[in-house]
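I opened this model to look up a few local features. My notes follow in the order of the look-ups.

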Amino acid sequence: MLAISILVLLHEGGHFFFAKLFGVRVDKFYLFFDPSIWKWKGSLFKFKPKNSDTTYGVGWLPLGGYCKISGMIDESFDKEQMAQPQQPWEFRSKPAWQRLLIMIGGVLVNFLLALFIYSMVLFWWGDTYVPTANMTYGMKFNTEAKALGFQDGDILISADGVAFKEYDGDLFRQLSEAHQVVVKRNDKEQTIKLSGDLNMLNMIKSSPRFVEVLLPMEIDSVIPGSPAQKIGLAVGDQILCVNDSAIADFNDFVFQLAVLKDKRLAAETNEAKEQLRSVKLVIKHPTAAIDTTQVKLNADSEGNLSLGISYPKVAADYKTVTTEYGFFESFPAGIKYGWHVLASYVEDLKYVFTAEGAKSLGGFGAIGSLFPATWDWHRFWEMTAFLSIILAFMNILPIPALDGGHVLFLIYEMVTRRKPSEDFLIKAEYVGFGLIILLMVVANLNDILRWLGYM
């Protein structure tokens, strides 16, 4: 809520700044929307400074915000104002170039804000990461990846001559576009040839993923009072088998829990669900002794199963790299990074137009999941910058009701020297607004279906 509030205020502030610069009256400046409910006008708070034409306020519907500019066809659909004689302080009275700057003001602020935040994040925290070449346990690959020539334990070195940086979205992008990938296997470099056109979305969404960081199957810690403690599991123990499935590493263990979760969700009776919580484990102790035991796993409200053991802290075994930036050095680095984020996002949009991509759309729940469960200023500002740059791009798309739709019609007017009729602009606004509402419904419905376990 804080991140979105900051972005909305500054976005609308961009429109507000250029409107005031060119002498255009701004009727309302609101954080959140304020649709009326019966006799209530919908404002949680509002005030109008003395000798000001603008009412400032906070609405009750936290879906964004708006800057109502006098004499402009927007989401308020104020036909009554547009039916009045044109006034010199109105948006429609101003030259097309001034109207264009007013409309791109919000996008411009969001884009510059993202670059500034990225720069300050690099200046304050630097860039700390674990290079994939330093991940000495290597990677875990799924069946598809193994069919292409990868093996569990391979250390990813480079793709088409460009070194992998770290395990993140860019790594999947490099793999999906690569023709040759160099890995280190048994201390020797091997080259794996790929097609160069793998589906990155499928690589990420497949279960298990195309590639994951390999986590050794050695218990790092046991949660007090957990099923693991009740059966006597201790640090250093290894799980060799879950029911009849062999476990080579912690990744296999997590996958088997996911399989059991799916089976429980498909079970038709509570009795069947409870039976699936009981599993047989084969355990190897540091002394090399092997035990077989039965344990009842914990289950949360969403159906996730847990034994009560922690992920191995392999990061402590890996050498991190930190690049620090001075104040002035941070700006070109932040601009370069922000531009890379935007270019990657635009490139990945092609997946939205696929069936799997449509399922990947997310609303406010998906946005919320980007932030950590506990407060982290570093992550907060990274995600705020990311949302800001995405907000800028989405708003400039040439869709009526978005800033880009208004920009499209203004460019048409400047090129042809013919202004689209107000009736056409109002109809286009309705169409665009309808498309946006439909997209929001689909995205938030996906969130709900994911929460219910149907996606």
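Entry one, leucine 2. I am working from a predicted model. I located leucine 2 in helix H1, residues 2–21. I read its relative accessibility as 44%, so leucine 2 counts as partly exposed, the class between under 20% and over 50%.

H3 supplies the largest share, three residues.

I placed lysine 140 in strand S6, residues 139–141. Is lysine 140 buried or exposed? I noted a relative accessible area of 10%; lysine 140 is therefore buried, the cut-off being under 20%. I looked for side-chain partners and found a polar contact of 3.1 Å with the side chain of aspartate 152. I found another polar contact, also listed at 3.1 Å, between the side chains of lysine 140 and aspartate 249. Leaving aside neighbours within four places in sequence, I recorded contacts of lysine 140 that include Phe210, Val211, Glu212, Val213, Leu214, Asn251 and Asp252.

I looked at strands S9 (residues 180–185) and S10 (residues 188–193), which run antiparallel and are joined by six bridges. I traced lysine 184 to its bridge partner in S10, glutamate 189. Two residues lie between the strands of this hairpin, and I noted that asparagine 186 takes a positive phi near 55° there.

How values were computed
Residues are numbered from 1 along each chain as its sequence is written. This is a predicted model: local features need pLDDT of at least 70, side-chain atom pairs count only at pLDDT 80 or more; totals for chains, interfaces and linings use all residues. Side-chain values use heavy atoms; hydrogens and water are left out. Helices (H or I, at least four residues) and strands (E, at least two) are DSSP runs, numbered from the N terminus. Buried means under 20% relative accessible area, exposed over 50%, partly exposed in between (1.4 Å probe, protein chains only). Two strands pair if DSSP finds at least two bridges between them. A polar contact is a pair of N or O atoms within 3.5 Å; within protein, one must be able to donate a hydrogen and the other to accept it, and residues adjacent in sequence count only if both atoms are side-chain atoms. Contact means heavy atoms within 4.5 Å.
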